[in-house]
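Thanks for coming, everyone. Let me put the structure up, and then we go through pockets, disulfides and rings.

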Amino acid sequence: MATKHRRRLRVTGESSGDAAGPSRGAQAGKCSFKKRGTREISWRSLLVWGVLSVIMAIAVIFLLWLYPSGDVMEVLAAQRETLQHRFYPVPCSQDYNNHKMFTGCTPLKCGRAVTDAVVTQQEAQRMLRIAEAGFSLGGSDGGASILDLHSGALSMGRNFVNMYRYYGEKMKEILTEEDLQLYRDIRLRIQQEIARTFSLDATSLYLTKPTFFSRINSSEAKTTHDEYWHPHIDKVTYGSFDYTSLLYLSDYSRDFGGGRFIFVNEKMNSTVEPRAGRLSFFTSGSENLHHVEKVSWGTRYAITISFTCNPDYSIKDPTWT
């Protein structure tokens, strides 16, 4: 029995080739399988990484197109949108308590609004021609120029001149009564839109200074007047402001780069992208800290039209009659 058992072991050993492991043929087959499997895994990994890289590249290109300046922020109104009316409420600050209060006008409801339905693009183009005609008489040496039809202030080099005194009767050839009438009509519509949005009596609002056209390009700043990009609060800077509005006369990303209007918020800033004929307006206290980002190319045109509740700070509309 023992002999037979040993023979069986010997036969088993001979048939296996090596009692300690597989045959050379089996080893070769296993190694070959591992190499094929490694190749398959490597190709799959490369394919996955390739697809992910393409997706990431597309995402980066999209973000650069959406946010050319590289700043990701909340967009309150994109240039490509056409808005009937959009309102964003924010809590009112205490700034108004430091000034005389006017019942029915001093803000109790604060916020920001944007609409493309108050001024037509055709009217915006006419207003742009008025701005270009006025700025053809002067302009800042730096990146920001001002044209004020109420006071006559016009940027000239590094200073300002009174264009009505400087050019005299020639101004009536540059700015016609028809031009000024369109300006007055649009100003009144803006006043009524602000009153409707903030539940005010429109007659309780008064136009105040400074109200002006602005032209901004990428030229280097020469004076502090050219440094338009610093965050500020209108109620603190000007005192008389209760409601601020901006009417844009050119298009972000088409006529100029940069130049977006930015509200500075605690968590994430938000922006309004200019669009010809777009009206943006807001309460003027520190609840709406803001600035304009630097223009990187092209020329940005807009009108700032400001309103007060205090009749002592009111100004008259420009007119030749």
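Which element gives the largest share of the lining of the largest pocket? Strand 8, with 4 residues. Strands here are DSSP runs of E, at least two residues; helices are runs of H or I, at least four, and both are numbered from the N terminus.

Some ground rules. This is a predicted model, where local features need pLDDT of at least 70, side-chain atom pairs count only at pLDDT 80 or more, and totals for chains, interfaces and linings use all residues. Residues are numbered from 1 along each chain as its sequence is written, and side-chain values use heavy atoms, with hydrogens and water left out.

Back to the pocket. Its space is about 640 Å³. Of the 25 lining residues, I146, F212, Y228, H232 and Y238 are the closest to its centre. Two or more lining residues come from each of strand 5 (144-147), strand 8, helix 7 (234-238), strand 9, strand 14 (290-292) and strand 16 (300-308). By class, that lining has 13 nonpolar, 9 polar and 3 charged residues. Nonpolar covers Ala, Val, Leu, Ile, Met, Phe, Trp, Tyr, Cys and Pro; charged is Asp, Glu, Lys and Arg; the others, Gly among them, are polar.

A word on method. On a 1 Å grid over the protein atoms alone, a pocket is an open set of points with protein on both sides within 12 Å along at least five of seven lines. A cavity is a set where a 1.4 Å probe fits but cannot get out, and lining residues have an atom within 4 Å of a point. Points are joined across faces, edges and corners, and a volume is the space filled by probe spheres set on them.

There is 1 cavity of 30 Å³ or more. Strand 6 (153-157) and strand 7 (159-162) each supply at least two residues of its lining. The lining includes R158, F160, H225 and D226. By class it has 2 nonpolar, 6 polar and 2 charged residues.

Next, disulfides, meaning cysteine sulfur pairs within 2.5 Å. The structure holds 2. C92 and C110 have their sulfurs 2.0 Å apart. The S-S torsion is about 105°, so this one is right-handed. C92 is in the loop between strand 2 (86-90) and strand 3 (110-115), and C110 is in strand 3, so the bond ties parts 18 residues apart in sequence. C92 is partly exposed at 28% relative accessibility, while C110 is buried at 3%. Buried is under 20% relative accessible area, exposed over 50%, partly exposed in between, with a 1.4 Å probe and protein chains only.

The other bond joins C105 and C309, sulfurs 2.1 Å apart. At -80° about the S-S bond, it is left-handed. C105 lies in the loop between strand 2 and strand 3, and C309 in the segment after strand 16, so this pair ties parts 204 residues apart in sequence. C105 is buried at 1%, and C309 at 2%. In sequence order, the bonded cysteines pair 1-3, 2-4.

Last, rings. There are 13 aromatic pairs (Phe, Tyr or six-membered Trp rings with centres within 6.5 Å; planes under 30 degrees apart are stacked, over 60 edge-to-face, the rest tilted). F198 and Y243 have centres 5.3 Å apart and planes at 50°, so they are tilted. Both F198 and Y243 are buried. Ring pairs link F87, F198, Y243 and F281 into a cluster.
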